[in-house]
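Thanks for coming. I have one structure to go through this morning, so please look at the screen.

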Amino acid sequence: MKMPDHVSSPRVFARHLYWQGWRVARIAEVVETNYQTINSWKKRDKWDDANPLERVEGALEARYVQLIVKEAKEGRDFKELDLLGRQLERVARIEKYQASGREADLNPAQANGAQASARSKSKKVKNALTDEQIRAVSEAFWHSLFEYQRTWYRAGIEQRIRNILKSRQIGATWYFAREAIVDALETGRNKIFVSASKAQAHIFRAYIVAFVHEVTGVELTGEPMILANGAELHFLGTNSKTAQGYHGDVYVDEYFWIGRFQEFRKVVSGMAMHKQWRQTYFSTPSSIAHEAYPFWSGELFNRRRPADERTTIDTSHEALAGGQLCADGHWRQIVNVYDAVAGGCDLFDIEQLKLEYSADEFDNLLMCQFVDDSQSAFPLSEMERCLVDSWVAWDDFKPFAPRPLGDEPVWFGYDPGGESEDGDGAGLAIVAPAAEAGGVHRVVERHRLKGRDYESQAEFIRECTRRYDVTHIGIDNNGMGEGVAQIVEKWFPTLTRYRYTPETKSQMVMQAQQMMRRGRLAFDAGWSDLAGSFMAIKRVPTASGRQLTYQASRAGDTGHAELAWAVMHALHNEPIDGSPAHTGSVMEITE
């Protein structure tokens with residue numbers, strides 16, 4: 001054996017070898033120091049007088065310091081640091097017990113329990129977890145991670161700002177919810193979760209509650225959620241008024257779909273202005289015209305600097321695939337679907353996804369490519385007028401109630417999602433129509449019915465109708481849509497069938513465009529899938545080249561714009577001139 005290269009103190013290393021039972025002569029060989037020097041260290045530092053606890057504490061401290069100064073830490077290093085820290089805490093408790101002889105010093109949980117019982121036997125501390133339960137949550141968190149999520153964890157320890165562009169469905173919100181609750185339980189740091197809408201932000205909350213309950217059986221409660229150690233967890237929409245006065249680590253979800261982003265960012269950065277707080281931004285890409293794009297690209301940083309201080313930030317996948325600290329202080333990373341698979345995520349069948357999505361959609365949703373929506377029938381700038389924080393703005397809508405809108409009427413729109421009959425990507429939209437002519441139509445629910453046969457889809461529609469007073473159902477009867485229509489017609493005989501022609505599509509698109517421009521259509525700001533569905537629709541020539549029509553891809557199908565078409569099937573119940581809606585009639589538009 002030879003002395004490791006990283007050892008900075010041969011004297012300390014020699015002491016640990018002696019405490020492990022090594023002879024002085026053998027230690028002198030390993031440390032490459034003469035026998036007399038080692039023997040002198042032994043006498044002067046009183047190695048033989050150290051009790052077992054002091055020997056253990058010394059070893060723990062040396063290893064802990066060694067890991068702290070290590071520059072390129074790996075996942076196992078962070079795990080060991082956490083373990084060593086807990087062991088040092090235990091040693092400190094034992095030393096305190098030896099000095100006082102009080103059992104409470106050895107077991108603080110017992111002392112806290114006794115004090116709480118003395119205060120009030122009937123009063124229970126909310127959101128309290130024992131040390132053992134917190135350790136269990138931390139271990140469950142660490143063992144559940146893919147490699148790219150471990151990279152996010154390491155960056156979160158070392159960097160103040162994380163800025164991540166990601167593929168859909170790779171577990172980012174799920175991961176950051178778990179990261180946040182583990183850190184809050186261990187450190188007492190406040191956490192603030194911000195999304196385009198309060199409903200979207202509460203996905204964080206649902207993940208946190210489910211995770212802790214799964215591991216410990218404890219159900220965290222409260223809004224805001226306040227832990228027993230004082231940490232506060234807030235779940236906010238983008239309404240700046242709700243964010244004033246909060247401070248803590250901030251997590252911003254799907255920021256490329258947040259309206260008026262630059263104004264919003266000022267509020268977010270204010271909540272995490274102190275150097276102790278961290279900021280995390282993560283999103284799938286939307287349009288290059290979005291206000292957040294300069295924030296991602298570094299252009300916003302350069303705008304605020306003199307010409308001689310400006311820099312170029314390489315935001316290519318090649319530069320950022322492994323994560324990179326950039327000149328503006330942001331740690332950036334791009335994680336596309338291939339990166340996720342390489343990082344251990346086994347949830348994707350990429351070849352199947354290529355069959356399900358057009359090339360443009362695949363690049364945007366899964367490969368982190370931005371959309372140029374300048375040719376879109378519904379550019380993101382137009383749709384931003386539709387975005388609302390539904391939990392805040394819609395007092396009459398109770399999404400978790402058996403009857404979310406009571407007896408108010410709604411319109412249903414269904415789109416089969418293309419010409420195929422396999423039911424892939426069908427969409428259902430539920431719209432609460434305006435209460436008066438010229439008012440605002442609200443999309444209160446949207447569903448993708450992927451992988452269901454037409455009987456199952458018809459039954460799903462029927463289940464939804466049991467929660468609402470439905471006065472209109474519009475169905476595109478192309479492909480499997482006719483099978484769904486035939487079943488739905490048995491219990492809703494006044495349904496409206498749509499068979500597309502270029503004129504029909506143009507009429508529906510122009511009607512929706514007019515509603516958006518006049519502020520007459522609203523849906524939850526967190527529904528980036530619905531916004532993306534509208535963005536996918538473009539004006540293209542028909543196969544003959546003699547007319548123009550609207551489609552979601554050059555392949556000639558309606559692609560994955562099914563949610564947008566479903567909304568338009570519902571909206572079409574209002575005549576194009578905005579007069580009172582059709583009632584009790586069947587409208588079949590044919591070629």
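Let's start where Asp529, Leu530, Ser533 and Phe534 of helix α24 meet Glu562, Leu563, Ala564, Val567 and Met568 of helix α25, contact meaning heavy atoms within 4.5 Å. Sorted by type, the residues of this contact are 6 nonpolar, 1 polar and 2 charged. Here Ala, Val, Leu, Ile, Met, Phe, Trp, Tyr, Cys and Pro count as nonpolar, Asp, Glu, Lys and Arg as charged, and the others, Gly among them, as polar.

This is a predicted model, where local features need pLDDT of at least 70, side-chain atom pairs count only at pLDDT 80 or more, and totals for chains, interfaces and linings use all residues. Numbering runs from 1 along each chain as its sequence is written, and side-chain values use heavy atoms, with hydrogens and water left out.

At what angle do α24 and α25 pack? Helix α24 covers residues 528–535 and α25 residues 562–571; the angle is about 85° and the axes are 7 Å apart. That makes the two helices roughly perpendicular, a label for 65 to 115 degrees. Axes are lines fitted to C-alpha atoms, for helices over the stretch in contact, with angles from 0 to 180 degrees between N-to-C directions. Helices (H or I, at least four residues) and strands (E, at least two) are DSSP runs, numbered from the N terminus.

Now the core. The largest nonpolar core has 67 residues, and Tyr255, Phe378, Phe534, Ile537 and Met568 have the most contacts inside it. Helix α25 gives the most to this core, 8 residues. A core here is a set of buried Ala, Val, Leu, Ile, Met, Phe, Trp, Tyr and Cys residues joined through side-chain atoms within 4.5 Å; buried is under 20% relative accessible area, with a 1.4 Å probe and protein chains only. Beyond four places in sequence, isoleucine 537 touches residues including Phe378, Trp565 and Met568.

Next, the sheet. It is open, with 8 strands in the order β3-β4-β2-β5-β6-β1-β8-β7 and mixed pairing; two strands pair if DSSP finds at least two bridges between them. β3 (225–226) and β7 (324–325) are at the edges with a single partner strand each, so one side of each has no neighbour in the sheet. Strands β5 (residues 249–253) and β6 (residues 279–283) run parallel, joined by 4 bridges. Tyrosine 251 has threonine 280, in β6, as its bridge partner.

Last, arginine 517, in helix α23 (residues 502–517). Leaving aside neighbours within four places in sequence, arginine 517 contacts Glu382 and Arg385.

Key:
Angles under 35 degrees count as roughly parallel, over 145 as roughly antiparallel, 65 to 115 as roughly perpendicular and the rest as oblique. Buried means under 20% relative accessible area, exposed over 50%, partly exposed in between (1.4 Å probe, protein chains only).
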